[in-house]
There are 2 protein chains.
Amino acid sequence: MSHPQTTFRQTTFTAPSLLRTRRATVSRTTVHAQLSQLRANGQYDCFKLGWHPIYDDRSRWPAPLHLFWDSDVAKWIEGACYFLVEEYDVEVDAAVRELVAMIRGAQHEDGYLNVHFSVVEPGKRWTNIRDMHEMYNAGHLIEAALAHRQYYRNDLLMEPLAKYISHIHRRFGPGEGQIRAYPGHPEIELALLRCHAATGNTEAYDLARFFLEERGNPTGQEGRHYYDWEMERRDEPRWKRPNSWPMDRSYWYCQAHVPILEQESVEGHAVRAMYLLTAAADLLNTSRKSSGSAAPARPLTAAPAWLAALRRLWSSTVDKKMYLTGGVGAVAQWEGFGIDYFLPQGPDEGGCYAETCASVGVMMLAERLLHADGPEPNGRYADVMELCLYNNVMTAMSADGKAFTYENQLASCEAARSEREDWFVCACCPPNVTRLFGSLGGYLWDYGGGSGEGEEGGTGAAFVNVHLYSSAEVKFPVDGAEVTFSQKSNWPWEGNILFQLKGAGSLSATIRLRIPAWAIQHGHVLTPTPPTGTATLEKGGYLRLDPSYTASNPVFSLDIGGAGFAPRYIAPHPYTNQRTLSLARGPIVYCVEDADHPWEENHFKDVGIKRGTAVEEEWRVDEKSGEGYFALKTTGWERSPEVLARGEDGVERELVFVPFYFRSNRGGKGQMRVGLRDDGR
Amino acid sequence: MSHPQTTFRQTTFTAPSLLRTRRATVSRTTVHAQLSQLRANGQYDCFKLGWHPIYDDRSRWPAPLHLFWDSDVAKWIEGACYFLVEEYDVEVDAAVRELVAMIRGAQHEDGYLNVHFSVVEPGKRWTNIRDMHEMYNAGHLIEAALAHRQYYRNDLLMEPLAKYISHIHRRFGPGEGQIRAYPGHPEIELALLRCHAATGNTEAYDLARFFLEERGNPTGQEGRHYYDWEMERRDEPRWKRPNSWPMDRSYWYCQAHVPILEQESVEGHAVRAMYLLTAAADLLNTSRKSSGSAAPARPLTAAPAWLAALRRLWSSTVDKKMYLTGGVGAVAQWEGFGIDYFLPQGPDEGGCYAETCASVGVMMLAERLLHADGPEPNGRYADVMELCLYNNVMTAMSADGKAFTYENQLASCEAARSEREDWFVCACCPPNVTRLFGSLGGYLWDYGGGSGEGEEGGTGAAFVNVHLYSSAEVKFPVDGAEVTFSQKSNWPWEGNILFQLKGAGSLSATIRLRIPAWAIQHGHVLTPTPPTGTATLEKGGYLRLDPSYTASNPVFSLDIGGAGFAPRYIAPHPYTNQRTLSLARGPIVYCVEDADHPWEENHFKDVGIKRGTAVEEEWRVDEKSGEGYFALKTTGWERSPEVLARGEDGVERELVFVPFYFRSNRGGKGQMRVGLRDDGR
């Protein structure tokens with residue numbers, strides 16, 4: 001079993017593209033900028049276990065401001081190690097080495113490793129697993145250790161983490177004398193399963209599986225829900241609760257209201273939900289594929305139920321609770337999901353959170369489900385993965401790589417302008433963008449083959465499933481021989497992709513090329529033209545090229561451009577009651593900004609467009625960043641509520657749309673909107 | 001100063017009308033049904049101060065289930081006394097007498113009077129004024145005492161309440177050694193000001209004024225917000241909070257986040273807000289008019305600021321936070337207001353509470369503001385008062401007077417069908433409907449005159465401002481002579497109203513007739529035709545008839561029917577993002593119900609209508625209740641999300657609309673909707 005965080009090293013981005021530009025920016029700017037933030041704000045030194053003035057702050061409960069510092073450091077190490085692979089940097093290397101030394105030095109004799117409970121509340125370890133993020137921090141440290149081990153080829157960081165895993169494994173589990181707890185913020189589960197896949201650590205597997213199977217058990221701990229039991233031991237009244245909980249016992253906030261297999265809809269904190277489901281998919285995938293270095297796992301007899309739950313909760317997420325930018329989470333209070341189809345565009349319209357990390361989580365989940373859901377990949381997963389990448393995730397970082405968002409509302413308002421920040425007190429999102437871009441190569445495609453490599457293997461047989469297009473090359477071995485597969489395109493702006501396959505002469509390769517759902521109705525052209533029966537559009541939306549085709553045509557191209565890349569009007573589901581229209585082109589969702597419309601004073605609340613109005617494309621190169629993009633132009637109408645009430649026409653306005661990911665890079669007043677009033681046809 | 005609860009006795013409903021039908025039902029059925037509920041559920045006997053099994057229930061915090069029982073009894077007494085005026089009933093009379101005796105027996109030596117703190121937590125009086133409803137219960141008891149005193153012409157109930165007022169007045173206030181508290185649930189303020197107006201009790205005035213002026217003071221109690229101070233004395237952690245509070249220190253829930261005069265928008269629990277503002281308007285009115293029996297009050301030097309706050313918060317309520325049925329409160333958690341323009345139609349679309357009591361509160365506030373806002377009444381207040389009455393309030397009771405609602409969502413869903421209940425654990429709404437219908441005559445009109453009676457008085461001069469139309473007669477004295485003014489109409493179905501004025505020959509009467517905003521553009525006809533200058537449409541939307549007209553025409557009629565009563569399409573404000581259309585006719589807002597559309601399975605979520613489609617009227621007489629109403633018929637289109645996405649036409653449907661107030665009287669599956677998808681023109 002492979003994870004993108006492992007496989008990305010086999011992929012090289014080969015030619016200028018939006019993705020390559022962003023990766024270079026993250027590598028050269030963001031990694032350094034984030035390191036400076038860690039140094040300036042205290043995180044960098046936190047594993048020295050000295051006192052920091054912020055530890056005196058008691059304004060937030062239950063999680064004090066510094067509670068996630070361990071993970072801030074860990075995520076930076078992880079991202080840094082991904083980029084060191086690509087481009088060595090002496091400052092980054094030195095910082096990683098120093099941080100690792102500090103982490104090693106912070107570990108207790110018994111393996112415990114956590115800043116807050118070493119320095120601030122040393123007597124209270126494991127007394128509030130619901131809120132205190134010990135396991136969340138541990139999970140990110142494990143992920144850092146995996147990335148570190150992969151780049152440095154030593155166990156300087158993995159060693160203390162393996163010890164910490166043993167510590168946790170001794171304390172928590174279903175056995176006699178163990179505590180049946182599971183973390184309030186899932187994260188460690190996916191880290192443990194990656195650790196198991198990469199190192200064969202069976203304690204990691206057992207622990208992750210326990211956490212996943214135990215979660216939401218109403219009678220797990222002495223006949224009680226674990227969180228009830230734990231709260232009582234802390235002598236906390238039931239109605240004392242975090243501000244993120246609207247009601248007492250809002251265990252759905254952390255997906256612990258019922259066991260995962262019984263959850264009918266995705267609920268609560270969106271990042272937690274996505275991390276948890278990613279781990280659940282990992283658990284399922286581990287059970288279904290042999291995984292190289294990992295020791296064989298106990299059979300997962302409930303695998304069909306896990307698959308059904310994952311499909312159900314995926315559908316709940318993307319069909320009923322996702323913005324058309326790939327954002328999830330409408331409700332700020334619990335940073336998560338509202339009821340079905342509740343997707344207002346901004347805080348002044350009822351809510352919109354669309355946290356950056358949550359869409360990174362959707363991408364991880366989608367990538368896992370591409371492997372979990374049967375031999376023919378389902379293009380819906382990859383469509384959503386791409387939607388998130390180019391929109392809700394990419395909008396979270398400025399073009400210069402120095403400013404970030406946490407929330408990504410689809411419409412600004414006076415209280416929430418469209419802008420980015422250098423850093424956040426809770427700094428999860430910026431390093432998550434770093435980690436994602438670092439491992440991005442692992443998301444482009446799946447591949448494999450050779451003897452004993454599953455359904456599409458066999459001697460000399462190989463497969464590549466291409467999920468995302470760009471300009472990139474992947475190298476992988478098939479029965480000892482190297483296969484090289486490359487793609488070249490001007491994606492996301494044009495849909496013509498040139499592929500080249502190189503391998504042993506006897507290679508029998510099946511290639512699958514995703515046809516995005518937004519393009520599928522417009523057809524596609526494969527060149528050279530495939531003989532009948534050698535290229536099949538599968539039900540999942542992938543064009544399968546049989547070995548007979550790839551053997552005769554090592555170089556071929558796919559064109560899903562033309563009408564597929566024409567600007568198109570898109571609208572949310574009618575049950576959202578969001579009667580809005582937006583523009584999209586290829587995978588890019590657009591917005592309007594006041595930078596192009598100096599007359600705008602009301603966040604485009606009064607501007608409507610009509611479906612079918614002609615849209616003009618204009619290739620623009622941004623002066624400041626040098627980045628190119630297609631802008632879209634059409635005509636709209638500005639009509640105030642009073643003008644609408646009188647049924648009048650209002651003011652005709654020439655509108656310029658720019659990619660949502662590019663918003664807030666050009667100054668202005670921070671006024672922006674994705675969905676404009678739908679004025680019909 | 002007069003209140004509708006006092007003046008209603010001067011008005012008689014004279015001919016069959018919807019209002020008279022409802023009042024008769026309440027008098028003959030509801031008052032008895034509610035008495036039975038009080039007897040069956042324990043409230044009736046609670047002032048005996050024995051133990052009731054419900055007192056053992058600890059499932060709810062801070063307010064246990066029985067906390068409002070005092071007020072349940074009080075509201076019933078109040079409503080019963082209003083109807084006894086109209087129609088003597090031996091059982092009701094006996095129950096009132098027995099209850100009064102029990103209440104008298106429950107009073108402590110020192111004047112304290114509360115069931116919970118006498119029986120369940122005797123040591124905890126006044127320790128949680130934020131949550132424990134002692135003053136709320138006291139307020140309703142005061143209102144009961146006022147109604148009782150008015151009907152029985154004795155002080156058997158007023159005596160203990162006056163003593164209780166003294167008790168509270170001693171304990172709370174701005175003086176040395178006093179506590180600067182104010183109730184979490186406003187209600188006592190309006191009760192105290194009515195008590196002052198009716199009895200001249202200056203302690204009542206001082207106390208109400210203190211509560212209103214002190215509320216939200218950030219440094220009132222020992223330099224702290226009173227609720228912070230009180231919470232600390234209870235040794236409660238800041239994050240322990242009622243389930244109705246989304247966050248810690250959600251003092252806006254009870255309008256105590258800032259002083260009333262500084263509140264920019266209406267926030268929090270809607271009933272609390274409306275009761276509070278009603279009291280604020282009473283305070284203002286008390287300061288501006290001489291008030292017969294009441295002793296002169298201290299001058300309210302901040303009167304202009306109170307008026308400005310009232311206007312501002314009224315506008316916030318009705319312009320930005322009111323449903324087109326007159327319902328207020330979109331959010332169930334705090335039974336109150338969401339952000340501006342956040343008005344989903346039902347709980348499955350993001351929320352809709354629209355509590356019955358809240359709209360009763362809007363009516364009270366509107367009635368007060370009709371007197372507060374200058375000599376020319378502003379028809380907007382009366383328009384909203386009528387909107388609430390015929391829609392959100394009247395829909396709260398079944399035609400048979402036996403079943404009630406608490407929430408009045410505009411669209412049903414599976415989890416919240418359109419139906420009514422016999423009773424509620426928190427039984428505020430049913431008796432509030434009783435109280436309102438009991439005192440309804442007081443809402444129809446203002447009148448007065450004679451020597452020394454304010455701006456439009458003077459010897460032999462009288463005025464009547466007619467706010468609501470029906471068939472009714474009012475008698476009032478002008479300089480010792482009785483004036484009789486009557487109206488006769490088939491309102492709310494037809495807009496022709498016949499008026500008759502009788503009085504001394506020398507009577508000089510100014511009559512103002514409200515032209516509703518929905519009719520004003522269609523014109524109106526006064527018969528006999530007024531000579532130029534004798535009938536003026538004032539800026540506030542009232543047609544003012546000068547004494548010269550009324551002197552020559554003691555019988556005259558107003559016709560605002562015809563086009564004014566044609567069915568019309570109405571829609572919520574565009575910023576609500578509710579792109580829906582509804583039908584209205586006169587003051588009545590309509591809905592569709594599955595009873596008329598047996599094919600409906602999805603709560604009309606998929607049905608759209610087009611503005612401008614012809615609407616047919618049909619007079620129907622309901623078989624079961626014998627009630628007549630105009631049904632409206634038009635054509636709509638049922639289009640599922642899939643059909644909409646494909647841009648197809650869907651299924652044409654003949655739609656029948658019935659008054660929203662009449663919903664859920666004819667069986668069916670409980671599927672109902674007021675706003676249908678707006679399919680344009």
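Trainee: How do the residues lining the largest cavity divide into nonpolar, polar and charged?
Mentor: In this predicted model, the lining of the largest cavity has six nonpolar, seven polar and eight charged residues.

Trainee: How many residues line that cavity, and which lie nearest its centre?
Mentor: The lining counts 21 residues. Nearest the centre are P574(A), N577(A) and R579(A) from chain A, together with K605(B) and R677(B) from chain B.

Trainee: Which elements give two or more residues to that lining?
Mentor: They are helix 19 (641–645) and strand 20 (676–678) of chain B.

Trainee: What volume does the largest cavity have, and how many cavities are found in the whole structure?
Mentor: The largest cavity holds about 220 Å³ of space. The search finds eight cavities of 30 Å³ or more.

Trainee: What about the second largest cavity: how much space lies in it?
Mentor: About 170 Å³. Of its 20 lining residues, F342(A), T576(A), Q578(A), E349(B) and Q578(B) are the closest to the centre. By class, this lining has ten nonpolar, six polar and four charged residues.

Trainee: Let us turn to the contact between the chains. How many residues does each chain give?
Mentor: Chain A gives 36 residues and chain B gives 36 residues. In chain A, the residues that lose the most area to chain B are W239(A), Y575(A) and R579(A), which together account for 24% of what that side buries.

Trainee: How much area is buried between the two chains?
Mentor: About 2900 Å² is buried between chain A and chain B, and carbon and sulfur atoms give 54% of that area.

Trainee: How many salt bridges and polar contacts are there across the interface?
Mentor: The rule finds zero salt bridges between chain A and chain B. The count of residue pairs in polar contact is 20, with both residues at pLDDT 80 or more. On the side of chain A that touches chain B, there are 14 nonpolar, eight polar and 14 charged residues.

Trainee: A new topic, the backbone. What is noted about phi of N577(A)?
Mentor: Phi of N577(A) is near 60 degrees, a positive value in a residue other than glycine. N577(A) sits in the loop between strand 12 (568–570) and strand 13 (580–585) of chain A.

Trainee: Is the peptide bond from T527(A) to P528(A) cis or trans?
Mentor: That bond is cis, with omega near -5 degrees. P528(A) belongs to the loop between strand 8 (525–527) and strand 9 (535–537) of chain A. A cis peptide bond also joins W61(A) and P62(A), where omega is about 0 degrees.

Methods:
Residues numbered from 1 in each chain as written. Chains lettered and ligands numbered in written order. Predicted model: local features only at pLDDT ≥ 70, side-chain atom pairs only at ≥ 80, totals over all residues. Heavy atoms only, no water. Contact = heavy atoms within 4.5 Å. Buried area = accessible area lost by both parts, 1.4 Å probe. Salt bridge = Lys/Arg side-chain N within 4 Å of Asp/Glu carboxyl O. Polar contact = N/O pair within 3.5 Å; in protein donor to acceptor, adjacent residues only side chain to side chain. Nonpolar A, V, L, I, M, F, W, Y, C, P; charged D, E, K, R; others polar. 1 Å grid on protein atoms, 1.4 Å probe; cavity = no way out; pocket = protein on both sides within 12 Å on 5 of 7 lines; lining within 4 Å. Points joined across faces, edges and corners; volume = space filled by probe spheres on them. Helix = DSSP H or I, 4+ residues; strand = E, 2+ residues; numbered from the N terminus.
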